[in-house]
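The model is a predicted one.

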Number of protein chains: 2
Amino acid sequence: MSYVDAIEALADPTRRQIIDRLRGGGLPVGAIAEGMAVSRPAVSQHLRVLSDAGLLTVTPLGNKRLYAIAPDGVDDLRAYLDGLWDDALAAFARAADAQAKGKTHD
Amino acid sequence: MSYVDAIEALADPTRRQIIDRLRGGGLPVGAIAEGMAVSRPAVSQHLRVLSDAGLLTVTPLGNKRLYAIAPDGVDDLRAYLDGLWDDALAAFARAADAQAKGKTHD
DNA sequence: ACTTACCGTAAGCCTTAGCTTACGATTTGT
DNA sequence: ACAAATCGTAAGCTAAGGCTTACGGTAAGT
């Protein structure tokens, strides 16, 4: 159940900020941390969590390490929400149906 | 930005368990709490958080209160993930393209 | 009217987790 | 070989949040 790690990782605002910074493409740690409110080690720790959750890929590039969003990890979470969405709609439809049948004018 | 509240609400395992119990349809608090590891007040607090996040609807039904999943709230989160997914794929394609052009055999 | 059932809220405890500073490892440049 | 740059990790502090017990409030049943 990888979507659990993904959703728990994305629950943190700092980690969502990191994700937003990587929307345009992969970046090294220094570039990610630049201009952020927290320290660079803090960013490193968050990158670790995001990587473990399968949301980021790491590419050692000489001296630096390039972090980029992993589409597969995002997709796992999408699948979970799609299933939840389907069930919610079905339950809603059933409730509306029962309401229409049983309590029309009684 | 309602998706923020939604994702932070779903980050808790107990709250995800509650959501799972509501997949089949709306339930009163007692039925939700029954068989769960935590106390009923704890469930009540979680229901409050989920409602505030727009993930649940509340329907006072005489003595009880019926909680059900709100499809709209789930959809907000889906929209956020869809956008993230799109950006991630586009960035991935650009990176692969740059890789192919610049470093083919050099 | 009184009792029972259902539920929300307040107070308090305690664990979790994010942040900082300090340090070590590896790589690049001179 | 030496110096500088990039990054991960450990230790420690602190704030946030989830849980329990206790209580109050409203609706239903007798």
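## Arginine 16 of chain B

B:Arg16 sits in helix H2 of chain B, which spans residues 13–21; helices are DSSP runs of H or I with at least four residues, numbered from the N terminus. Its relative accessibility is 8%, so B:Arg16 counts as buried (buried is under 20% relative accessible area, exposed over 50%, partly exposed in between, with a 1.4 Å probe and protein chains only).

The side chain of B:Arg16 makes a polar contact of 3.2 Å with the side chain of A:Glu8. A polar contact is a pair of N or O atoms within 3.5 Å; within protein, one must be able to donate a hydrogen and the other to accept it, and residues adjacent in sequence count only if both atoms are side-chain atoms. A polar atom of the B:Arg16 side chain also lies 3.1 Å from the backbone oxygen of B:Ala11. Leaving out residues up to four places away in sequence, B:Arg16 touches A:Tyr3, A:Val4, A:Ile7, A:Glu8, A:Tyr80, B:Leu10 and B:Ala11, where contact means heavy atoms within 4.5 Å.

## Relation of the chains

## Packing of H2(B) and H4(B)

H2(B) packs against helix H4 of chain B (residues 40–52) at an angle of about 80 degrees, and their axes are 10 Å apart. Axes are lines fitted to C-alpha atoms, for helices over the stretch in contact, and angles run from 0 to 180 degrees between N-to-C directions. H2(B) is therefore roughly perpendicular to H4(B) (65 to 115 degrees; under 35 is roughly parallel, over 145 roughly antiparallel, the rest oblique).

From H2(B), B:Thr14, B:Arg15, B:Ile18 and B:Ile19 meet B:Val43, B:His46, B:Leu47, B:Val49 and B:Leu50 of H4(B).

## Conventions

Residues are numbered from 1 along each chain as its sequence is written, and chains are lettered from A and ligands numbered from 1 in the order in which they are written. Local features need pLDDT of at least 70 and side-chain atom pairs pLDDT 80 or more, while totals for chains, interfaces and linings use all residues; side-chain values use heavy atoms, without hydrogens and water.

Methods: Helix = DSSP H or I, 4+ residues; strand = E, 2+ residues; numbered from the N terminus.
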